[in-house]
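Try each task yourself before you read its solution.

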Amino acid sequence: MNSQLIDTSIYADISRFIRDESLRILLEGEVIAVVGYAAGRRKGSVQPIIACDTESAGRLMFSQASVNNLAVYLTKAKKEIPKSGKIGIVLKGCDLKALVGLIGESQLKREDLYLIGVPCSGVLASTVHPATELATETIAPKCLECDAHLPTGCDFVPDVALPPQQKSDLKYAVEIARLEALTPAERWAYWKEQFSKCIKCYACRQVCPFCFCEQCLCDRNKPQMVETTPRPAGNTAWHIVRAMHLAGRCAGCAECERVCPMDIPLNLLNRKMAKELKELFDYEPGFEVNDKGPLASFTDKDDQSFIK
Amino acid sequence: MRKYISRQNLNTLIDKLIAEGRRIVAPRMTAGTPLYEPLGHSGEMIIDQLPRRSAKEAFFPLCEEIMSYEKSGQQVKLTDVDPSRFPETILFAVRPCDAAAIPVLDAVFSWDYKDEFFLERRRKTTVVGLACTTADDACFCTAVGLSPSDTKGSDLFLSPLEGGGYNVESFTEKGEALINSCSDLFAEESNAAYIQLANPQTEAFDLKKVKSWLDEHFEDQLWDGIATRCVGCGACAFVCPACHCFDIVDEGTEKAGKRRKNWDACGFWKFTHHASGHNPRDLQPKRYRNRIMHKFKYYDDKFGQTLCTGCGRCVRICPVGIDIAAIVEEINQK
Amino acid sequence: MCDNANKNIYLPYLTTVMEVIDETPDVRTLRLEFQDDNISETFAFRAGQFAEYSAFGAGESTFCIASSPTRAGYIECSFRSVGRVTEELRRLEVGDTMGVRGPYGNSYPIESFYGKNMVFVAGGIALPPLRTLIWNCLDLRDKFGDITIVYGARTEADLVYKRELNEWQERSDVRLVKTVDPGGNSPAWDGKVGFVPTILEEAAPVAENTIALVCGPPIMIKFTLPVLEKLGFGDDQVYTTLENRMKCGLGKCGRCNVGNIYVCKDGPVFTAKQIKAMPMEF
């Protein structure tokens, strides 16, 4: 399939809107900091920034390289962010879903936050250089399946017109279908090979907004539930623990997969879980706060066929 | 000793060595990711991509057994690991930034107590370096005093020539022994032009100046500014050719098991956390500061070397875009 | 330099637990003898050095060697069970096998203390790193001037080496000042009541020709150093030991560093002067 360019012309306007709004809320004292994106040293590169003053707010921007889900900076494991006032945060639709999930899990309070939503045509895949143009071949696979291009329920959303979205192959859906068609032995061989690459750097855990446990099971040693060395037993245990712990909670930001230095397709596990959740409980993460996630509540409509 | 080898003969050499039972490690694709791994045949070698992890694991594996224990009643039997079982290995197509880190690591593994796990592998490994033709804007070897043609750490060094093939220079007995073991595959040094090497666009840091700033600025707002966004994973340390911190753990059952040594990282909160709850580096900026300090000051204080070869791996993979080259450049400008 | 060429530096010696002594409800002392007679004869250490103790299956933990180098044939360690390894070590019974790697690190320069008065100041579980030196000094008693020991804990129950405290109290050539924090004493308590720094100030040992050795929780050290200064002690007359988290003990694994110092190699014994020059990462 030929790669088609994706229109990102709105990102320049969005950047201006984010800067203006951030300066306003900082100057008017509405927030004490804005968590957003700023340009890095390398051409096109973008990094998270916690802007507490007008100088740093002036550096805020948005581009196709604004890949991070910044909601991770709000959960309690990241203690360095000031908590003495309201925090502003820049969010794509996928990031907002995660933040909404965190509110549902009582990790965040909506009234402590000032949400700046970004109308988003997509961001780059982790495999390409940050200066690459956005196209159907360079876009992050999650963006091809996105139903949240325009965040709602935010305090501020730049007034720009989203260009129509390109149609493309749904990479995760295709890959999940491929894996589902394999025999268990073949599937096991696939994951065994993937997990063998894991180096236990825990980047997947550290960027995940939902991995907010004060002390991860894997960092506990009384008892040692999961072996810490990067060997098959501990690697597999970790990735299964991670996937199961995120089932019904993962909002699909795919940060785990993006940051994996060993290219392990972690989001496939999350997408598979999401598919099960959809089929079993008709649950999908969205922009509405749910006090109880699908696995934290019971209704008489729930599938009970497992009781034999 | 200077020689020439054609690309064809290089492959023949690799296949011949494999056939002789030698262990050849070189960049190859493993489950979709370029890594230094043992080759089955020369065709698997890739030379146009920087392996995701560095070559340090040829000497200092991600995880290795250092002994095993077996209990019976009140007695315990320990079984030592015999380093003589480590195979003779030839590391092919090692990037200069990876090769240069090996002698840097020699310092820590051989000062005072000798770590035979590292040193025995070191003795048994021949490093064949390859001049680098593919840099990107994360590379900064030239900023830390190296270059795409630096031969530091290589026993044998390949410089690619226009029209294919390599001029080969040997720097050690191991390098010469490799040439001599298959001398018919090598010819006299060629006069052909060298292929244009990579050209990292970074100015050289004044490493002395950087260090003297670090000497005086253990406390500085720079650390908070950089490291507030660090999420505390170990990716940077694990892909680094020079980071060498490790953990020691027992794994097994009550009755029997193994003691293993595995990579660790100063970015993890758990790294310095005491069982009592006290943690000398309790916040991420303190942990990130340790990373910079260790690379550009502490290791220099202790061993007279910089613990960074500018490979740029940490810059490429940092989940939150922390760029060590930009940070050191900022310090350099102060 | 260490002569370990071609040896596995991570391989522990095997020892047998000969005696188990409960010092407090959660602090235990183990007396260990080497299973290999050769090691037993050649194992030599100096006061202040530490070792890595193995509970096989759980891992290794770092403590000082708490017995005196003058007492040959065995070593002792004292530890509080707080983590996975120390809990396993606590399960060991007399006759069980335990691993020991060491001795590691520097030591107290005891020869340079000859002819001087010694003041030992310890709090809580931090007496073991001084106890090795206290017994070393007492076993060479005529080489030292006055010996003063100021030791305190939160409560009477938290005092370690109670039998030895009694022994020191009985001796005419040792001045023992023991104390517990306010509220930590029973009606029968015959020591002082108050925090270690205050009691030290009261005891007022002379600074001239005296070496002070201080071990305790960071908060105690923080308040004790100014008292010593007030009493006239110079920073090079005051010694302490650092207890950073360690794994290898060999200057390799990179865990214990404080600035460019490997606590496991350059320490664990430091003068107050050295400590003050270090970044605050301990």
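**Exercise 1. Describe the fold of chain C: how many helices and strands are there?**

Step 1. Chain C has 8 helices and 15 strands. Here helices (H or I, at least four residues) and strands (E, at least two) are DSSP runs, numbered from the N terminus.

Step 2. Before going on, note how to read this model. It is predicted, so local features need pLDDT of at least 70 and side-chain atom pairs count only at pLDDT 80 or more, while totals for chains, interfaces and linings use all residues. Residues are numbered from 1 along each chain as its sequence is written, and chains are lettered from A and ligands numbered from 1 in the order in which they are written.

Step 3. Now look at the overall size. The C-alpha trace of chain C spans about 55 × 40 × 35 Å along its principal axes.

Step 4. Finally, 52% of the 282 residues of chain C count as buried. A residue is buried if 20 or more other C-beta atoms lie within 10 Å of its own, exposed if 12 or fewer, and partly exposed in between, with C-beta atoms placed from the backbone.

**Exercise 2. Into which domains is chain C divided, and where do their bounds lie?**

Step 1. Domain 1 covers 13-104 and domain 2 covers 110-241. These bounds come from an automatic or database domain assignment.

Step 2. The C-alpha centres of domain 1 and domain 2 of chain C lie 24 Å apart.

Step 3. Their contact takes 16 residues from domain 1 of chain C and 15 residues from domain 2 of chain C. Two residues are in contact if their C-beta atoms, placed from the backbone, lie within 7 Å.

Step 4. On the domain 1 side of this contact, strand 4 (59-64) and strand 5 (75-80) of chain C each supply at least two residues.

**Exercise 3. At what angle do helix 6 and helix 11 of chain B pack?**

Step 1. Two packed helices are described by the angle between their axes and the distance between the axes.

Step 2. For helix 6 (residues 207-216) and helix 11 (residues 324-333) of chain B, the angle is about 85° and the axes are 9 Å apart. Axes are lines fitted to C-alpha atoms, for helices over the stretch in contact, and angles run from 0 to 180 degrees between N-to-C directions.

Step 3. Helix 6 and helix 11 of chain B are therefore roughly perpendicular to each other. Angles under 35 degrees count as roughly parallel, over 145 as roughly antiparallel, 65 to 115 as roughly perpendicular and the rest as oblique.

Step 4. Lys209(B), Val210(B) and Trp213(B) of helix 6 meet Val328(B), Ile331(B) and Asn332(B) of helix 11.

**Exercise 4. How many residues does each chain give to the contact of chain B with chain C?**

Step 1. Chain B gives 42 residues and chain C gives 39 residues.

Step 2. The largest share of the chain B side, 6 residues, comes from strand 11 of chain B.

**Exercise 5. Which peptide bonds and phi angles stand out?**

Step 1. Most residues other than glycine have a negative phi, and most peptide bonds are trans.

Step 2. A cis peptide bond joins Lys222(A) and Pro223(A), with omega about 0°. Another cis bond joins Gly267(C) and Pro268(C), with omega about 10°.

Step 3. Ala254(A), although not a glycine, has a positive phi of about 65°, and with 26 C-beta neighbours inside 10 Å it counts as buried.

Step 4. Asn209(C), also not a glycine, has a positive phi of about 55°. Asn209(C) is exposed, with 11 other C-beta atoms within 10 Å.
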